[in-house]
Amino acid sequence: MYTLTLVVGIGGVTNGGKSTLATNLQKKLPHSCIIAQDTFFKDDSVVPVDSNGFKQYDLLDALHMDKMMEEIYSWWRDPQSYHQSTCATTEAGRTEVFVVIVEGFLIFNHRPLNELMNKKYFLEIPYDECQNRRCSRVYTPPDPPGYFDGHVWPMYLKNRQEMQLCQTQSLSFIISSKAQISFGRDIRYIPIHNIILLY
């Protein structure tokens, strides 16, 4: 059996549809798993606070990136065993393509991770829509008053600018909307079409 591996990165703005797109891709792509950056946040007690009293969750220092990289390397070393232990199993064939979908808001800002990816997609939504989505979600701990305008959006713009300086290969920008994320008429199939070309 001949095994191929593919690392797909899905990044972008907060509440931009990253998790939804990753889940939809996983359903479409055999032998695929998701590793989500949100599961690697450090304990809230060690997340730094800025001069305005806002927790600095939008920094790489707020994440256990070493542990995230260990998880990805674990998949990389033996994708078949990783898939069988963490995902639904599928029948083996002569040739298998194992896909790991790495999803998160700062995945393209971490150079060691950035350089592992074969395909990269960055989801964007307008400020107003992003603010509405953010306000409609419940976080633990909850966002304090003024957090979106005082920290979240400015940090997104800063991280986006820094991300572009880290790129060593092409990054596909996708303008997403609630309709596209929900029904997949556009956004769900653009990445799948491009990813399948690598098979």
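1. A word on residue classes before anything else: Ala, Val, Leu, Ile, Met, Phe, Trp, Tyr, Cys and Pro are taken as nonpolar, Asp, Glu, Lys and Arg as charged, and the others, Gly among them, as polar. With that in hand, the lining of the largest cavity divides into seven nonpolar, four polar and two charged residues. A cavity here is a set of points, on a 1 Å grid over the protein atoms alone, where a 1.4 Å probe fits but cannot get out, while a pocket is an open set with protein on both sides within 12 Å along at least five of seven lines; lining residues have an atom within 4 Å of a point.

2. Please keep the ground rules in mind. This is a predicted model, in which local features need pLDDT of at least 70 and side-chain atom pairs count only at pLDDT 80 or more, whereas totals for chains, interfaces and linings use all residues. Residues are numbered from 1 along each chain as its sequence is written, and side-chain values use heavy atoms, with hydrogens and water left out.

3. Now the overall layout. The protein has eight helices and five strands, where helices (H or I, at least four residues) and strands (E, at least two) are DSSP runs numbered from the N terminus. Along the sequence they follow the pattern β-α-β-α-α-β-α-β-α-α-β-α-α. Of the 199 residues, 46% are buried; buried means under 20% relative accessible area, exposed over 50% and partly exposed in between, with a 1.4 Å probe and protein chains only. Among contacts (heavy atoms within 4.5 Å) between residues at least 6 apart in sequence, 76% join residues at least 24 apart.

4. Back to the cavity. A search of the whole structure finds one cavity of 30 Å³ or more. The largest cavity has a volume of about 110 Å³, a volume being the space filled by probe spheres set on the grid points, which are joined across faces, edges and corners. Of its 13 lining residues, Gly12, Val13, Phe105, Tyr156 and Asn159 lie nearest the centre. Helix H6 gives the largest share of this lining, five residues.

5. Helices H1 (18-28), H5 (127-136) and H7 (178-183) each supply at least two lining residues, and the largest share, five residues, comes from H5.

6. Which residues touch the most other members of the largest nonpolar core? They are Met68, Val102 and Leu113, in a core of 36 residues; such a core is a set of buried Ala, Val, Leu, Ile, Met, Phe, Trp, Tyr and Cys residues joined through side-chain atoms within 4.5 Å. Strand S2 (32-36), helix H2 (65-77), strand S3 (95-103) and helix H6 (147-166) each give two or more residues to this core, and H6 provides the largest share, six residues. A second, separate core of 13 residues includes Leu6, Val8, Leu21 and Leu25.

7. Leaving aside neighbours within four places in sequence, its contacts include Val7, Val8, Ile35, Met68, Ile72 and Leu113.

8. Strand S4 (residues 119-124) is largely enclosed by the rest of the structure, because five of its six residues are buried. S4 and strand S5 (residues 172-175) pair in the parallel sense over four bridges, pairing requiring that DSSP finds at least two bridges between the strands. Tyr121 stands opposite Ser172 in S5.

9. Asn15, in the loop between strand S1 (2-12) and H1, has a positive phi of about 60 degrees although it is not a glycine, and it counts as buried at 9% relative accessibility. His31, in the loop between H1 and S2, has a positive phi near 55 degrees and is buried at 11%. The peptide bond from Thr140 to Pro141 is cis, with omega near -5 degrees; Pro141 sits in the loop between H5 and H6.

10. Finally, Thr23 lies in helix H1 and counts as partly exposed at 33% relative accessibility.
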